[in-house]
Amino acid sequence: MFKFVLALPLSLQLVSIADGVPTLDVTASCKGAARAVVKADSEKREKACYETEKVAKDKLGQGWSKFPAKDRTFCLASIKGYAPTYTELAICLEMVRDVRQIGDKPDVATETPMPVIPRPVRP
């Protein structure tokens, strides 16, 4: 019962995978980033973090439907164990896409033999 109560808020955050970019609470990540710098710069760093995450969310929103649902589900599951951010979500989705594209390309080295480069003859 206790585990269900703790999991409920996170599951509510991640419900709308198909509808659009889910709402993530980036507060913990941005506050952590602010604590990692000199105290005088912490407020500026935290504000910059929120702005960066807003831009990342907006960019994800523009291309969200272009990512396969299974990739969106995979990436959301991979970041949910800690303080998730839109930046991490975007990077995950891009990496999954890029790895798939690499896997779809034929191995050029096995299809076309490498040319033999003659060694220079020494006098």
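## Confidence of the model

The structure is a prediction, and the mean pLDDT of the protein chain is 80. Of its residues, 70% reach a pLDDT of 70 or more. Confidence is highest in helix 4 (residues 69–79), at a mean of 95, and lowest in helix 1 (residues 2–13), where the mean is 43.

Over residues 1–17 the pLDDT is below 50. Beyond near neighbours in sequence, this stretch has 13 contacts in the model. Where pLDDT is low, the predicted coordinates should not be read in detail.

## The nonpolar core

The largest nonpolar core contains 18 residues. Those with the most contacts inside this core are Leu60, Trp64, Cys75, Tyr86, Leu89 and Leu93. At least two residues of the core come from each of helix 3 (39–63), helix 4 and helix 5 (86–104). Helix 5 gives the most, with six residues. In soluble globular proteins, nonpolar side chains tend to be buried together.

Helix 5 has 19 residues, which at 1.5 Å a residue should span 27 Å. The C-alpha atoms at its ends are 27 Å apart, in agreement with that value.

The buried residues of helix 5 are Tyr86, Leu89, Ala90, Cys92, Leu93 and Val96. Viewed down the helix axis, these buried residues fall within an arc of 165°, so they line one face of the helix. An α-helix has 3.6 residues a turn, so residues three or four places apart point the same way. The buried residues of helix 5 pack against helix 3 and helix 4. On the other side of helix 5, Met95, Val99 and Ile102 are exposed.

The model has four salt bridges. One of them pairs Arg100 with Asp71, at an N to O distance of 2.7 Å. Arg100 belongs to helix 5 and Asp71 to helix 4, so this pair ties together parts that are 29 residues apart in sequence. Arg100 is partly exposed, with a relative accessible area of 32%, whereas Asp71 is buried, at 4%.

Another salt bridge joins Lys31 and Glu46, whose closest N and O atoms are 3.1 Å apart. Because Lys31 lies in helix 2 (residues 27–35) and Glu46 in helix 3, the pair ties together parts that are 15 residues apart in sequence. Lys31 counts as partly exposed, at 38% relative accessibility. Glu46 has a relative accessible area of 18% and is buried, since the cut-off for a buried residue is under 20%.

Asp58 is partly exposed, with a relative accessibility of 38%. Lys54 has a relative accessible area of 53% and counts as exposed, because that class begins over 50%.

Definitions and conventions:
Residues are numbered from 1 along each chain as its sequence is written. Side-chain values use heavy atoms; hydrogens and water are left out. pLDDT is the predictor's confidence in each residue, from 0 to 100. Helices (H or I, at least four residues) and strands (E, at least two) are DSSP runs, numbered from the N terminus. Contact means heavy atoms within 4.5 Å. A nonpolar core is a set of buried Ala, Val, Leu, Ile, Met, Phe, Trp, Tyr and Cys residues joined through side-chain atoms within 4.5 Å. Buried means under 20% relative accessible area, exposed over 50%, partly exposed in between (1.4 Å probe, protein chains only). A salt bridge is a side-chain nitrogen of Lys or Arg within 4 Å of a carboxyl oxygen of Asp or Glu. The expected span of a helix is 1.5 Å times one less than its number of residues. The arc is that of the directions from the helix axis to the C-beta atoms.
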